Amino acid sequence: MNIEEMEKYLRKLIDSKDLLTLQEEVSKLNEADLAEILEEFDDRETLLVFRMLPKDLSIDVFSHMTSSQQKKLVASMTDKELDAIIKELYFDDRIDFLEEMPASLVTRIIGNAPAEERKLINQFLQYPEYSAGSIMTIEYVALSPDMTVKKALEYIKEVGMSKETIYTCYVKDKYQKLLGFVSLRELVISDENLIVEDIMLEDVVFAETLDDQEEVADKFVKYGYLALPVVDKEHRLCGIITFDDVMDVIEEEATEDFHRMAAIEPSVSSYIDESPWNLAKHRIPWLLILMISATFTGGIINKYNWIITDFLILTNFIPMITDTGGNTGSQSSTMVIRGLATGDIELDDMFPVIFKEVKIGFIVGSTLAFVNFLRLIFLAQAPLPIAFVVTLTVIVTVILSNLMGAFLPIIVKKLGADPALMAGSVITTIVDSLVLIIYFGLAGLLLYRF
């Protein structure tokens, strides 16, 4: 059964009070699938199903839930149930959970934790949001450089079940400084009498605790690691970041870029969880800026009223020309912004990118202008001078729009801001004003000469 069919089946079991079958069925499900199904259940049904799950499965399901699901479930739990869940969560999942919970609940959970764990939790909660430190976990395998391979494998067997990953083991000295790493495969195939220091790799790619999480994600993409060590300024190993956490970061950053490209202030909560008022607050600032900016367009048209009075037909082509400019600029900026995000385009590539977009603009602009010229002459039956002005404007508009679409995101990136700001509606607003100046400028320069 697919997710939707399974949801209906479980609801049917709940309605018929066939709890024994319900328990058997939910225990067979994948934790991620079950968390998705529980999104559609009400609080009572969610708690009922959750209490039927085996302990290990309930922990995994809880970690896959959204923060809003977790809040609702926690509100229905007893203190004993909550403590049991919190103690079994991986440390990074526990931190993520606490960051989303009300202060009163966080205080109670920390208060019930052992002193050493309480100190660690407080330390992690103090890392800046969106930093490497805020998404790392302390559940990794650390080996001493003087361990034999045999001793290292025995140690991994002893502690491995409580760690998020054992495929990469990190080597540190007695001062907690990171020395290198060794893979589980290397340990398995090596002579058991060798020491870890002899087989470890010292060329370690790492992140620092205050690095931005987007930089960390870029390193995962570049090197293809399953985990990345995190060190402090003294190069002491503080934790690791695993691939599943980076996938969440990549999703967050992509969502944030989409919001900014649509001129919407990014939201920390999901769309469903946000109130209409909060969603409106995220949209209003940029809409106001763009609306006020659009008044320049009206001012430009008003400035050239003397041309429009003599050649009223020019107004018929304004929507087509501005739309072409906006669409072209959006295409160019989208390609450049994506290239900057993936690392395909570097800041040093600004001039090659600009020259390439100008060439593309000439090819695209010439094609569109040729088709448009034929349309104006044979279908619209526009006068030849008007057709010539509109056609020439289209070529210049496309080249300029491509130029702006490539130039602005890179400049914004150089200034340390998010290049996604220079996309979509922002580019369109800027290009509209420039295009109208070009259009009426060419009209004033050429039409009175025919």
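Predicted model: local features only at pLDDT ≥ 70, side-chain atom pairs only at ≥ 80, totals over all residues.
1. Confidence. The protein chain has a mean pLDDT of 85, and 94% of its residues reach 70 or more. Among the elements of the chain, the lowest mean pLDDT, 67, belongs to helix H9 (residues 103-112). The highest, 94, belongs to helix H12 (residues 149-159).

2. Helix H5. In helix H5 (residues 55-64), the buried residues are Leu 57, Ser 58, Ile 59, Val 61 and Phe 62. These buried residues pack against six helices: helix H2 (19-28), helix H3 (31-38), helix H4 (43-52), helix H6 (67-76), H7 and helix H8 (91-100).

3. Helix H7. One of the packing partners of the buried residues of H5 is H7, which spans residues 79-88 and has Leu 82, Ile 85 and Ile 86 as its buried residues. Because these three cover an arc of only 95° around the axis, they lie on the same side of H7. Lys 80 and Lys 87 are exposed on the face of H7 turned away from that buried side. The spacing along the sequence can be read against a general rule: an α-helix has 3.6 residues a turn, so residues three or four places apart point the same way.

4. Helix H15. The buried residues Gln 213, Val 216, Ala 217 and Phe 220 belong to helix H15 (residues 213-223). Viewed down the axis of H15, the buried residues fall within an arc of 100°, so they line one face of the helix. Val 221 and Lys 222 are exposed on the other side of H15.

5. Lys 219. This residue is also found in helix H15. Lys 219 counts as partly exposed because its relative accessibility is 26%, which places it between the cut-offs of under 20% for buried and over 50% for exposed. Leaving aside residues up to four places away in sequence, Lys 219 touches Val 205, Phe 206, Ala 207, Asp 211, Gly 224 and Leu 228.

6. Helices H20 and H21. Helix H20 (residues 318-342) packs with helix H21 (residues 350-379) at an angle of about 150°, and their axes are 12 Å apart. H20 is therefore roughly antiparallel to H21, since angles over 145 degrees count as such. H20 passes H21 in a right-handed crossing. On the H20 side, Met 320, Thr 324, Ser 332 and Val 336 take part in the contact. They meet Val 353, Glu 357, Leu 368, Asn 372 and Arg 375 in H21.

7. Helices H20 and H22. The axes of H20 and H22 come within 8 Å and cross at roughly 30°. The two helices are therefore roughly parallel to each other, and their crossing is right-handed. Residues of H20 in this contact include Gly 325, Thr 328, Gly 329 and Ser 333. Among the residues they meet as a group in H22 are Val 394, Thr 397, Ser 401, Gly 405 and Pro 409. Met 320, Thr 324, Ser 332 and Val 336 of H20 contribute to the contact with H22 and also to that with H21.

8. Thr 391. Helix H22 (residues 384-414) contains Thr 391. Thr 391 is buried, because its relative accessible area is 11% and the cut-off for buried is under 20%. Not counting residues up to four places away in sequence, Thr 391 touches Ala 369, Phe 373 and Leu 376.

Note on methods:
Residues numbered from 1 in each chain as written. Heavy atoms only, no water. Buried < 20%, exposed > 50% of the residue type's maximum accessible area, 1.4 Å probe, protein only. Helix = DSSP H or I, 4+ residues; strand = E, 2+ residues; numbered from the N terminus. Arc of directions from axis to C-beta. pLDDT = per-residue confidence, 0-100. Axes fitted to C-alpha atoms, helices over the stretch in contact; angles between N-to-C directions. Parallel < 35°, antiparallel > 145°, perpendicular 65-115°, else oblique. Left-handed = near helix turned anticlockwise from the far one by under 90°. Contact = heavy atoms within 4.5 Å.
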